[in-house]
Amino acid sequence: MQDQTTKNRIILLTIFGIAMIPLLVAIGMKVTGWRPAHTTNYGQLIQPAKPLADVGLERRTGKPIRLQDLRRRWLLVTFSKGACIGACAKSIYKMRQVHVAQGKYQKRVQRMLVVLPKGPKPDFGPMVKAYPDMIVVTGPVSDEQALGKQLQIPGGTALDQEGWIFVVDPIGNYMMRYPPDADPVGIRKDLARLLRVSQVG
């Protein structure tokens, strides 16, 4: 009888010990600050997400729009210096393809191109025709720069290199970025996952 009681205690202690392992691992990660090297997202996650200060922008038509007006939906942003060619052209094409690929969720996403002045004002006609749903802002310069400086990339900001794609959540937090050579399949999968698990936007 005593042997059976001892066995039962050993079984209970073993079960309790196994159940405690995840908790002990979590406490260890919290204390040491360790994180797994591999995550399920393809993009570069901004940790912690960075709240963006509101700025007053201007559409290419001259109509004002504030950054806070774009909340409540997920926002994909890229920058161009003057005419959107090269890396910029590739990025706005990727953003459109990624957007369309979200199917029934695409209404929860919007895209924005921030055009920084450089040389003569570009002709937006062909771009507007090809990307009618994309928001194109062309000023004021000081506000565009204020926005660009908040969107950091390795070694600089969005003002320093064209073609980066930035993800802003529906609350207004900058939370992910993709370099100019990012694979659109990876971006699509990240965004689909965000839309699937998110309760906002």
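Leu52 touches Leu67, Arg71, Leu147, Gln150, Leu151, Val168, Gly172 and Tyr174, leaving out residues up to four places away in sequence; contact here means heavy atoms within 4.5 Å. This is a predicted model, so to speak of local features we need pLDDT of at least 70, while side-chain atom pairs count only at pLDDT 80 or more and totals for chains, interfaces and linings use all residues. Residues are numbered from 1 along each chain as its sequence is written, and side-chain values use heavy atoms, with hydrogens and water left out.

- Leu52 sits in the loop between E1 and strand E2 (56-59); helices (H or I, at least four residues) and strands (E, at least two) are DSSP runs, numbered from the N terminus.
- With a relative accessibility of 6%, Leu52 counts as buried; that label means under 20% relative accessible area, exposed means over 50%, and partly exposed is in between (1.4 Å probe, protein chains only).
- Tyr174 is 122 residues from Leu52 in sequence, yet their C-alpha atoms are 6.5 Å apart.
- Gln150, one of the contacts of Leu52, belongs to helix H4 and is buried too, at 12% relative accessibility.
- Setting aside neighbours within four places in sequence, Gln150 is in contact with Lys50, Pro51, Leu52, Ala53, Val55 and Tyr174.
- From Gln150 to Pro51 it's 99 residues along the chain, and 9.0 Å between C-alpha atoms.

**The cavity**

- Searching the whole structure turns up 1 cavity of 30 Å³ or more. On a 1 Å grid over the protein atoms alone, a cavity is a set of points where a 1.4 Å probe fits but cannot get out, and lining residues have an atom within 4 Å of a point.
- The largest cavity holds about 60 Å³ of space; grid points are joined across faces, edges and corners, and the volume is the space filled by probe spheres set on the points.
- Its lining is made up of Leu52, Leu67, Leu70, Arg71, Arg73, Leu75, Val168, Asp169 and Gly172.
- By type, the lining of the largest cavity splits into 5 nonpolar, 1 polar and 3 charged residues. Here Ala, Val, Leu, Ile, Met, Phe, Trp, Tyr, Cys and Pro count as nonpolar, Asp, Glu, Lys and Arg as charged, and the others, Gly among them, as polar.

- H5 (residues 184-197) has 14 residues and spans 20 Å from first C-alpha to last, close to the 20 Å expected at 1.5 Å a residue; the expected span is 1.5 Å times one less than the number of residues.
- Buried in H5 are Gly186, Ile187, Asp190, Leu191, Leu194 and Leu195. They cover an arc of only 165° around the axis, which puts them on the same side of H5; the arc is that of the directions from the helix axis to the C-beta atoms.
- On the other side of H5 you'll find Arg196 and Val197 exposed.
- The buried residues of H5 pack against strand E4 (74-81), helix H2 (87-100), strand E5 (109-116), strand E9 (165-168) and strand E10 (173-178).
- H2 also has 14 residues and reaches 20 Å between its end C-alphas, close to the 20 Å expected.
- In H2, the buried set is Cys88, Ser91, Ile92, Lys94, Met95, Val98 and His99. Looking down the axis of H2, its buried residues fall within an arc of 155°, so they line one face of the helix.
- The cover over the buried residues of H2 includes E4, E5, helix H3 (125-130), E9 and H5.

- The Gln47 to Pro48 peptide bond is cis, with omega near -5°, and Pro48 is in strand E1 (residues 44-51).
- Gly139 and Pro140 are also joined by a cis peptide bond, with omega about -15°; Pro140 lies in the loop between strand E6 (135-139) and helix H4 (141-150).
- Arg72 isn't a glycine but has a positive phi of about 80°. Arg72 is in the loop between strand E3 (64-66) and E4, and is exposed, with a relative accessible area of 60%.
- Trp74, in strand E4, is buried at 5% relative accessibility. Its C-alpha is 6.2 Å from that of Arg108, 34 residues away along the chain.

**Whole chain**

- The chain has 5 helices and 10 strands, and buried residues make up 39% of its 201 residues.
- Of the contacts between residues at least 6 apart in sequence, 68% join residues at least 24 apart.

Technical notes:
1 Å grid on protein atoms, 1.4 Å probe; cavity = no way out; pocket = protein on both sides within 12 Å on 5 of 7 lines; lining within 4 Å.
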